[in-house]
Amino acid sequence: MKFKTIKYHFDLLNDKDRLSAFFQAIKDYDGKTSLACDLGCGSGILSYFLSQYFDEIISLEMDSSAYKCARENLADFDNVKVVNCDVLDYEFDREIDLIVCEMMDTALIDEEEIPVLNHARKFLKKDGTIIPKGIINSCELVNMERDYVHWDEHAKYEVFSDAVIYSQFDLLDDIDSEFESTITLTSNKDGFVNGLKITTFTLLNDDLVCGPTPMLNPPLLIPLEKQLVKSNDLINVKLKYIMGNGIESIQTDILR
Ligand SMILES: C[S@@+](CC[C@H](N)C(=O)[O-])C[C@H]1O[C@@H](n2cnc3c(N)ncnc32)[C@H](O)[C@@H]1O
């Protein structure tokens with residue numbers, strides 16, 4: 001099928017690993033099939049996948065250009081209704097069997113996945129499901145070239161510790177969007193560290209995990225106060241951010 005799209009969504013559609021992960025999770029879904037919703041449907045690709053399995057799909061998109069593409073792309077599917085709105089303002093009039101929400105970004109900081117799911121989950125059936133099911137976040141100490149928050153595409157950095165898993169969420173749970181944790185990392189060589197690299201793994205369902213792809217949670221590099229470390233030093237880092245409030249909400253502190 002040919003999809004009409006706009007630049008950002010064109011890049012999303014070209015990320016084959018991202019699309020295959022969501023396609024497989026939708027194919028693997030084995031619950032009830034009355035109503036699915038696709039939150040932040042973009043140009044409508046995940047609604048298209050859902051259309052083969054569900055009696056009805058409600059697809060919500062707040063960006064009007066993406067919405068117009070989705071409406072056109074899905075016009076031939078009588079079981080899909082596309083609505084131009086902010087999910088946070090939308091009240092479903094029935095309970096939902098499956099929520100699909102790909103408003104992902106690394107550690108769910110920059111996009112509204114958590115606030116949107118905290119709102120939409122109220123309408124999910126007791127035995128309902130969410131795709132993705134959860135996320136796992138890990139971090140490493142790095143020495144990085146740039147001194148601002150950035151995604152790792154073309155970025156230069158050197159890793160200074162093993163990865164530590166510092167948080168994991170089941171998206172079926174109500175989640176506090178204000179995140180704060182103290183993470184202990186062990187340096188594995190001598191030198192200066194000045195950053196943290198965050199890597200997010202997406203759990204599509206109980207059996208399917210997807211690591212970073214170009215358009216799904218590429219690793220995020222965050223500046224840290226510069227510090228001389230020796231191999232095997234323990235470094236305690238306080239990491240704070242508000243999920244859904246953007247990368248400006250990130251704060252780090254080295255605890256001594
Ligand atoms: C990462 S894109 C994914 C698009 C599509 N689901 C896909 O997988 O190709 C996230 C989409 O969510 C939309 N979005 C973000 N916050 C939203 C909100 N509060 N309500 C509705 N749409 C939202 C964005 O405009 C964007 O189109």
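**Loops, domains and pockets**

Mentor: Start with A107, which sits in the loop between strand 4 and helix 5. Keep in mind that this is a predicted model.

Trainee: OK. What is the phi of A107 near?

Mentor: Phi of A107 is near 60°, a positive value in a residue other than glycine. Most residues other than glycine have a negative phi.

Trainee: Which peptide bond is cis?

Mentor: The bond from I131 to P132 is cis, and its omega is near 0°. Most peptide bonds are trans.

Trainee: And where is P132?

Mentor: P132 belongs to the loop between strand 5 and strand 6 (134-144).

Trainee: Let's zoom out. What domains is the protein divided into?

Mentor: There is domain 1, covering 7-102, and domain 2, covering 134-255. In the contact, 12 residues come from domain 1 and 8 residues from domain 2.

Trainee: How far apart are their C-alpha centres?

Mentor: The C-alpha centres of domain 1 and domain 2 are 30 Å apart.

Trainee: How much area do domain 1 and domain 2 bury between them?

Mentor: About 780 Å², with 77% of it on carbon and sulfur atoms.

Trainee: How many salt bridges are there between domain 1 and domain 2?

Mentor: The count between domain 1 and domain 2 is 0 salt bridges. The count for the model comes to 13 salt bridges.

Trainee: Give me one to look at. What does R18 form a salt bridge with?

Mentor: R18 pairs with E102, and the closest N and O atoms are 2.4 Å apart. This pair links distant parts of the chain, 84 residues apart: R18 is in helix 2, while E102 is in the loop between strand 4 (96-101) and helix 5 (113-120). Side chains of opposite charge can pair when their charged atoms come close.

Trainee: Now pockets. How much space lies in the largest pocket?

Mentor: About 800 Å³. Its lining has 36 residues, and those nearest the centre of the largest pocket are Y8, L12, M103, M104 and E111.

Trainee: Which helix gives the largest share of that lining?

Mentor: Helix 1, with 4 residues. Helix 1 (7-14) and helix 3 (45-50) each supply at least two residues of the lining of the largest pocket.

Trainee: What classes are in that lining?

Mentor: The lining of the largest pocket has 18 nonpolar, 12 charged and 6 polar residues.

Trainee: Why does the largest pocket lie between domain 1 and domain 2?

Mentor: Because both domain 1 (7-102) and domain 2 (134-255) give residues to the lining of the largest pocket.

Trainee: What about the second largest pocket, how much space is in that?

Mentor: About 240 Å³ lies in the second largest pocket. Its lining includes A25, D28, I131, K133 and D207.

Trainee: Which elements each supply at least two residues of the lining of the second largest pocket?

Mentor: Helix 2 (16-28), strand 5 (124-131) and strand 11 (191-205) each do. By class, the lining of the second largest pocket has 5 nonpolar, 2 polar and 5 charged residues.

Trainee: And where does the second largest pocket lie?

Mentor: Domain 1 and domain 2 both give residues to the lining of the second largest pocket, so it lies between them.

Methods
Residues numbered from 1 in each chain as written. Predicted model: local features only at pLDDT ≥ 70, side-chain atom pairs only at ≥ 80, totals over all residues. Heavy atoms only, no water. 1 Å grid on protein atoms, 1.4 Å probe; cavity = no way out; pocket = protein on both sides within 12 Å on 5 of 7 lines; lining within 4 Å. Points joined across faces, edges and corners; volume = space filled by probe spheres on them. Nonpolar A, V, L, I, M, F, W, Y, C, P; charged D, E, K, R; others polar. Domains from an automatic or database assignment. Contact = heavy atoms within 4.5 Å. Buried area = accessible area lost by both parts, 1.4 Å probe. Salt bridge = Lys/Arg side-chain N within 4 Å of Asp/Glu carboxyl O.
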